[in-house]
Amino acid sequence: MTPHLHLWLIPILPLIGATINGVFGKRFSRQTVTGVAWTFSGAAFAMALWVVSQFSSLVLPYTEQLAPWIQAGSFHAEFGFYLDQLTLIMLLIVTGVGFLIHIYSVGYMWEEGGFYRFFSYLNLFLFFMLTLILASNYLLMFIGWEGVGLASYLLIGFWFTKDSAASAGKKAFIVNRIGDFGFLLALFLIIQHFGTLDFTQVTSAVIPYGIEAGGGFLTAIAILLMVGACGKSAQIPLYVWLPDAMEGPTPVSALIHAATMVTAGVYMVSRSHAIFERAPIALTIVAIIGTLTAFFAATIGITQTDIKKVLAYSTVSQLGYMFMACGVAAFSAGIFHLMTHAFFKGLLFLAAGSVIHSVGGEQDMRKMGGLRKKIPWTFWTMTAATFAIAGIPGLSGFFSKDEILWRAYQANWIYWLIGVITAFITSFYMFRLWFMTFFGEYRGEAESGHGHGHDAHGSHGHGDGHGHGGIHESPKVMLIPLVILAFLSVFGGYVGVPAALGGSNHFEKFLAPVFESTLPNQSTTDHAGTPESERGDQITEAELQKYEHKAEKSTELIFTGISVLVGLLGLFLAWLLYYRRPQLPQEIALALGGLYRGVVNKYYVDEIYAAVFVKPLIGISRGVFWHGIDQHVIDATLDDSAAGAREVSGVVRRMQSGNLRSYAGWIAFGAAVVVVYMVWVGTR
Amino acid sequence: MVPLPYYLLLSGILFACGVAGFLIKRNIITIFMSIELMLNGVNLSFVAFAAQWQALSGQVFVFFVMVVAAAEAAVGLAIIIAVYRTRATLNVDKVDLLKL
Amino acid sequence: MLHLVLFLVFGLICVAGAVNLLLQSHPINSALSLVVVMGSLAVEYLLLGAEFVAAVQVIVYAGAVMVLFVFVIMLLNAGAEEHSKGSIIALALGVPGMLVAAILIAWVLVTHSGVHSVALGALLGHPRDIAQLLFHDFLLPFEVTSILVLIAIMGSVVLASRPEAIEHSKKEG
């Protein structure tokens, strides 16, 4: 007996919170705003936990329909909600991390203006994100998709009086739109071919089709879906908005641009795995984009001096890993990394926010240093996250990243190689950040008086409140979420320990029913490309698996070792360059000259886009659309028709001369016309 | 024995003169008199047709026309007097304030 | 024969009077020509046998209405017509239009009305017969026109009186 879960409540609760805070928040005290925000996001989290408790008694996938929506001929779409294992994981991540960040934000934003507005937007974001992941059809998901883009715009441009923040918000929204265009085209193709957008219906409609080796309409749909994912999840070529999005408050970066919104693309691709499985060309494209993005972003990350920018490029790079996983059809590995990434990247951003808060708004790492004694809690939690992302054994990042690299190797060794190099670079820049921030001598100004609010931290001098003491630890309300996330970063990976290392991969098993291959003659786990699985059925499944595992177990262990080695190498190099011999980086930079400049300037990608796309588009808009069409065609038509009417009436009004005799003349003329007509008719 | 068309022709000539006077003359009172002339022309054709069709109601109708014409003349002349008082002119071209 | 001669003579007088009305510049002359027209029309009516109508024509039209006209002309001291900027429309459209209409009607009448001849005194309109119609078949129009005349009287009194006179009569009650 499947209980009715009322899933629709989960998104609605934050929406109510957003409305209350948005409409009345200006009159509320900060405490009331906090209460409202915490109540509704906490309620969503509580409901998610309750769903977990009900989970075992559900028949999966669980769907419920709130109301019919579109009924146009044979096409139907409902406000429907969908729950399976994948949704459950996403739900816990979004509501859990979201709730923690709500708690953290109260401390971070306490001194800021627009307090109520921030929490209204944050709750609004939760509403849209939950709609996205709980939707039962692509259309409702698209609403959530667009909505999180809107919330992102509102939150990035939170300090909208600052030009750079407003522009960053616009950039995020517009670049997202480009991706959304691809998404929409994919939706149209799905409607055209399958007549429906419901997930279960589309999946069952896709089943009869075989693998399109050379491309076909399924490949087109998959590629277009990937375009949408590139926009939302900041992959090449649409990643450019994410670094700029750091203009927003740090909790926003943590929630939206690390843990939840940017993962929507990965979620969407995983949801559509039935389509992607049948389009090997699309899968290859996804894997290539993911791998390239991971490497590309990581290289930029090693030169950045703003602590948040480093983390931003790190996010882009880690998202690249997730797409690499999806591209080799290792969807559950991608989701696993999504989960661990939410923990450690969210923690990294929140801790970075704590650091920035402590030094009075400074974000440049060159002006930090030696903070580890002064802000111990922040230091230890950030250390946990840094070790996790670098893939140090035992922590969550190690398991998830390794899973991806192993699966990538099984598809194509080049993916693995680039992935390993990227892991090295990741470890290097993360430890560079770690050393520059927490070790050595303090190079900043907060000690000596007022560290006035660096612009990105807000338009108010943040140091005023505590400028007297210099560097200080953050309040408890900010530290508690850091500790919880640190705990998850350290221990969160144990749900997915692979068989090679002695665990039974609970995570993968949990998600197996979701990603069950729907192809006609495949095995029931989501391998891709392993040659053994194409043999006939002379050998039984179990024996086959045992044989595979044994042979691969040793290889997997070797590769795991290589990953660990690479991580430690990055740590060593960072220690060397930023602790032991801090003058070396400058010399290297000078020696590399042009190459270094290119990397520091993000390979001039923004400038290229501006020159190739933005300027011509603005030129066309101004010249053709505004002057040419709007002014000279549309306005001219209206103005000229009005002028014409004026002219005509100017002529006609001369009849009203006031002169009696002209009236008489007209009457006589009219009478004559009538008479002539009557005579003509009468004598015909 | 006068053929009927002669009467009608006479009536038409009178009517045409009336219209012409209405269009050409500048004095309001003269214009009014042209209207009376038109009415008289019409009266003649009524009586002529009554004689032809042997219907006495034609002559009764003439009677009514005359009554109405008299009433109209009275009111019209009163208006002319009022106009003269305000405009101090009887020239119809000068009374053109109702123009756009 | 006599009928025709009489008709032609008085018809000519009518037309002459009408044309004279157009040609004269002083309104009093036009008024007097109109009286001539009405008089000769009365004779035409007699030729057609409409005695009552002829009498009424002379008494009411020529005797009352035209007197009123002459009276107003004298009251307002209307002089000879001045030349003023006329209306081109009237001359360009009205007159030709009217001429065309007139000629057309005349043509129609002449060609299509057959060769009916009206005898001298064709329809005798005794007052007794007219009264019979007037007070039986046309009683309603009769009464309505009497009301119309009443209203016209009141209207013309109000319109033509001086504003002070109205105030004066109001004060008096």
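Predicted model: local features only at pLDDT ≥ 70, side-chain atom pairs only at ≥ 80, totals over all residues.
View 1. Residues are numbered from 1 along each chain as its sequence is written, and chains are lettered from A and ligands numbered from 1 in the order in which they are written. Helices (H or I, at least four residues) and strands (E, at least two) are DSSP runs, numbered from the N terminus. A residue is called buried if 20 or more other C-beta atoms lie within 10 Å of its own, exposed if 12 or fewer, and partly exposed in between, with C-beta atoms placed from the backbone. Among the buried residues of H20(A) are A:Met478, A:Pro481, A:Leu485, A:Ala486 and A:Ser489. H20(A) covers residues 476-491, and its 16 residues should span 22 Å at 1.5 Å a residue; the end C-alpha atoms are 22 Å apart, which agrees. The expected span of a helix is 1.5 Å times one less than its number of residues.

**View 2. A:Ala385 and the largest nonpolar core.** Here a nonpolar core means a set of buried Ala, Val, Leu, Ile, Met, Phe, Trp, Tyr and Cys residues joined through C-beta atoms within 7 Å. The largest one has 205 residues, and those that touch the most other members are A:Phe125, A:Met129, A:Leu225, A:Met324, A:Leu347 and A:Ala385. Helix H15 of chain A (residues 331-358) gives the most to this core, 17 residues. Two residues are in contact if their C-beta atoms, placed from the backbone, lie within 7 Å. Setting aside neighbours within four places in sequence, A:Ala385 has contacts with A:Phe344, A:Leu347, A:Leu348, A:Ala351, A:Ala486 and A:Ser489. Another core, of 79 residues, lies apart from the largest one, and its members include A:Ala664, B:Leu14, B:Phe15 and B:Leu90.

**View 3. A:Val97 in helix H3 of chain A.** This residue, A:Val97, lies in H3(A), which runs over residues 85-108. A:Val97 counts as buried because it has 27 C-beta neighbours inside 10 Å. Leaving out neighbours within four places in sequence, its contacts are A:Leu255, A:Ala259, A:Thr260, A:Ala342 and A:Gly346. A:Val97 and A:Phe343 are 246 residues apart in sequence, yet their C-alpha atoms are 7.7 Å apart in space.

**View 4. Helix H18 of chain A.** Just after H18(A), A:Gly440 takes a positive phi of about 75 degrees.

View 5. Chain A contains 26 helices and two strands. Of its 684 residues, 50% count as buried. Among its contacts between residues at least 6 apart in sequence, 79% join residues at least 24 apart. The predictor's confidence in each residue is pLDDT, from 0 to 100; for chain A it averages 83, and 90% of the residues score at least 70. Over residues 449-468 of chain A, pLDDT stays under 50, and the model has 48 contacts beyond four places in sequence for them. Residues 522-539 of chain A also have pLDDT under 50, with 24 such contacts.

**View 6. Chain C where it meets chain B.** In this interface, 72 residues of chain C are in contact with 62 residues of chain B. The elements of chain C that each supply at least two residues to this side include H1 (2-23), H2 (27-47), H4 (88-112) and strand S1 (117-118). H3(C) brings the largest share, 12 residues. By class, this side of chain C has 53 nonpolar, 14 polar and five charged residues. For these classes, Ala, Val, Leu, Ile, Met, Phe, Trp, Tyr, Cys and Pro count as nonpolar, Asp, Glu, Lys and Arg as charged, and the others, Gly among them, as polar. Chain C has seven helices and one strand, and 30% of its 173 residues count as buried.
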